[in-house]
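Have the viewer open as you read.

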Amino acid sequence: MVRAYSMSSSPEEGFYLFEKMRQKRIPTNPFACSFAIKCCMKFCSLMGGLQIHARVLRDGYQLDSQLMTTLMDLYSTFEKSFEACKLFDEIPQRDTVAWNVLISCYIRNQRTRDALCLFDNLNREESGCKPDDVTCLLVLQACAHLGALEFGEKIHRYISEHGYGSKMNLCNSLIAMYSKCGGLDMAFEVFKGMPEKDVVSWSAMISGLAMNGHGRDAVEAFGAMQRAGVLPDDQTFTGVLSACSHCGLVDEGMMFLDRMSKDFEILPNIHHYGCVVDLLGRAGLLDQAYQLIISMGVKPDSTIWRTLLGACRIHKHVTLGERVIEHLIELKAQESGDYVLLLNLYSSVGDWEKVKELREFMNEMGLQTTPGCSTIELKGVVHEFVVDDVSHPRINEIYQMLDEINKQLKIAGYVAEITSELHNLGAEEKGNALSYHSEKLAIAFGVLATPPGTTIRVAKNLRICVDCHNFAKVLSGVYNREVIIRDRLRFHHFREGRCSCNDYW
């Protein structure tokens with residue numbers, strides 16, 4: 001009965017039944033404990049899980065590997081990575097499932113680089129077991145998050161060598177991984193080689209084309225999907241609308257939003273409206289975007305207001321930006337990043353008095369901004385940089401290289417975009433402040449550590465600023481390098497002094 005409840009829509013009943021067994025002194029066993037823990041996970045009761053863990057220790061079941069793995073899963077679900085790792089170390093005989101749970105735990109807790117190390121450890125002979133298809137699925141997610149293309153290619157080889165290549169879910173994950181690492185050609189090769197493609201396959205390919213700046217190709221892929229007889233779902237339309245947004249296809253985006261309900265009986269959700277607000281906002285149609293939010297059939301969330309706030313920053317629409325902040329305050333959802341966007345807005349129009357007031361307010365409220373962080377993969381190792389970084393073992397060489405790059409780019413006409421600096425400084429001071437952004441350090445390391453002509457791939461956790469975008473554009477021409485930067489919003493493919501986004505991001 002406990003097992004049945006753990007798979008039902010009333011998992012709490014399973015936990016209560018387990019408690020009754022204890023009260024009536026009916027002996028339990030590791031299987032009953034495992035299913036009771038699964039009940040706790042399903043109705044989000046960490047306290048219930050802790051009570052069962054205490055009883056497991058009291059009853060002496062801690063040598064049962066399967067039960068310990070279930071407990072690991074419990075702690076992983078509630079983002080208690082320390083406790084999950086401790087249990088993993090205590091498991092007498094670890095199987096692949098235990099390793100998978102730990103990898104999943106690391107990914108859930110933003111320890112994605114550690115997840116890649118776990119795959120390597122599991123793949124060693126001394127581990128006593130081998131990665132399976134679930135392991136590959138999890139590690140591909142980590143590679144996509146980090147932009148770790150080389151490691152992703154290694155997982156692809158492992159999948160092929162171990163006979164998992166025909167599994168549709170793995171092929172779909174490979175398409176997503178390659179797309180998110182900027183390897184669109186490889187994503188398309190996987191897609192093309194699939195004997196059968198489901199809606200997830202098509203949606204992944206459409207989203208990949210969209211995020212890499214091939215909006216019209218994404219729209220064409222949608223047409224090919226229909227000709228293939230595969231019905232789109234809500235994720236497909238998120239990809240298509242995102243493609244229209246990234247490439248400024250306003251008429252096409254509005255047409256797809258209209259067709260969703262009329263032709264496919266799919267009601268637009270908040271993500272679809274968010275894409276269209278982004279599309280209208282980037283095109284400068286801010287009032288139309290605002291009206292869409294006010295009139296849409298779902299309640300606006302904080303994300304959609306932030307999308308409009310970002311557009312207000314791009315187009316320097318101060319009045320609407322302040323109104324959007326008011327809506328965020330009403331939702332009690334304002335974050336430090338929202339005020340940073342407003343700071344950007346005030347600084348872009350030179351209103352330093354409001355910049356000063358807003359900074360003081362943020363300090364009083366104790367609002368901390370998210371620091372910019374950029375990663376670059378080299379020979380399977382992910383290197384991480386923050387602004388003004390001093391932690392990298394080759395940091396002195398990197399700064400010397402960056403200074404040399406700046407000299408060469410200035411000769412080619414590069415001038416620092418000082419509006420990207422939010423402090424009221426002189427032009428020269430602003431240029432210096434912008435010199436050591438995290439993506440510039442990552443690019444300099446790429447130039448330093450790879451042979452001439454090698455593609456440089458960087459992933460950043462925030463939106464790339466205008467100055468760093470200009471820097472990468474000029475560098476791609478001067479150094480004859482392709483530079484691919486994935487920021488929080490999209491990919492930027494820099495080649496021969498141009499960017500795939502056409503300076504529209």
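Angles over 145 degrees count as roughly antiparallel, under 35 as roughly parallel, 65 to 115 as roughly perpendicular, and the rest as oblique. Keep in mind that this is a predicted model, where local features need pLDDT of at least 70, side-chain atom pairs count only at pLDDT 80 or more, and totals for chains, interfaces and linings use all residues. Residues are numbered from 1 along each chain as its sequence is written, and side-chain values use heavy atoms, with hydrogens and water left out.

**The helix pair**

Helix H5 (residues 65-77) packs against helix H6 (residues 81-90) at about 165°, and their axes are 8 Å apart. H5 and H6 are therefore roughly antiparallel to each other. Their crossing is left-handed. Here's who makes the contact (heavy atoms within 4.5 Å):

| Helix | Residues in the contact |
|---|---|
| H5 | Met68, Leu71, Met72, Tyr75, Ser76 |
| H6 | Glu83, Ala84, Leu87, Phe88 |

By type, that contact splits into 7 nonpolar, 1 polar and 1 charged.

**The cavity**

A cavity here is a set of points on a 1 Å grid, over the protein atoms alone, where a 1.4 Å probe fits but cannot get out. Counting those of 30 Å³ or more gives 1 cavity. The largest cavity holds about 90 Å³ of space. Its lining has 14 residues, with Leu146, Gly147, Arg457, Val458 and Ala459 nearest the centre. Strands E1 (373-378), E3 (456-460) and E4 (483-486) each supply at least two lining residues. The lining divides into 8 nonpolar, 2 polar and 4 charged residues.

Note on methods. On a 1 Å grid over the protein atoms alone, a cavity is a set of points where a 1.4 Å probe fits but cannot get out, and a pocket is an open set with protein on both sides within 12 Å along at least five of seven lines; lining residues have an atom within 4 Å of a point. Grid points are joined across faces, edges and corners, and a volume is the space filled by probe spheres set on the points. Helices (H or I, at least four residues) and strands (E, at least two) are DSSP runs, numbered from the N terminus. Ala, Val, Leu, Ile, Met, Phe, Trp, Tyr, Cys and Pro count as nonpolar, Asp, Glu, Lys and Arg as charged, and the others, Gly among them, as polar. Axes are lines fitted to C-alpha atoms, for helices over the stretch in contact, and angles run from 0 to 180 degrees between N-to-C directions. A crossing is left-handed if the near helix is turned anticlockwise from the far one by less than a right angle, and right-handed if clockwise.
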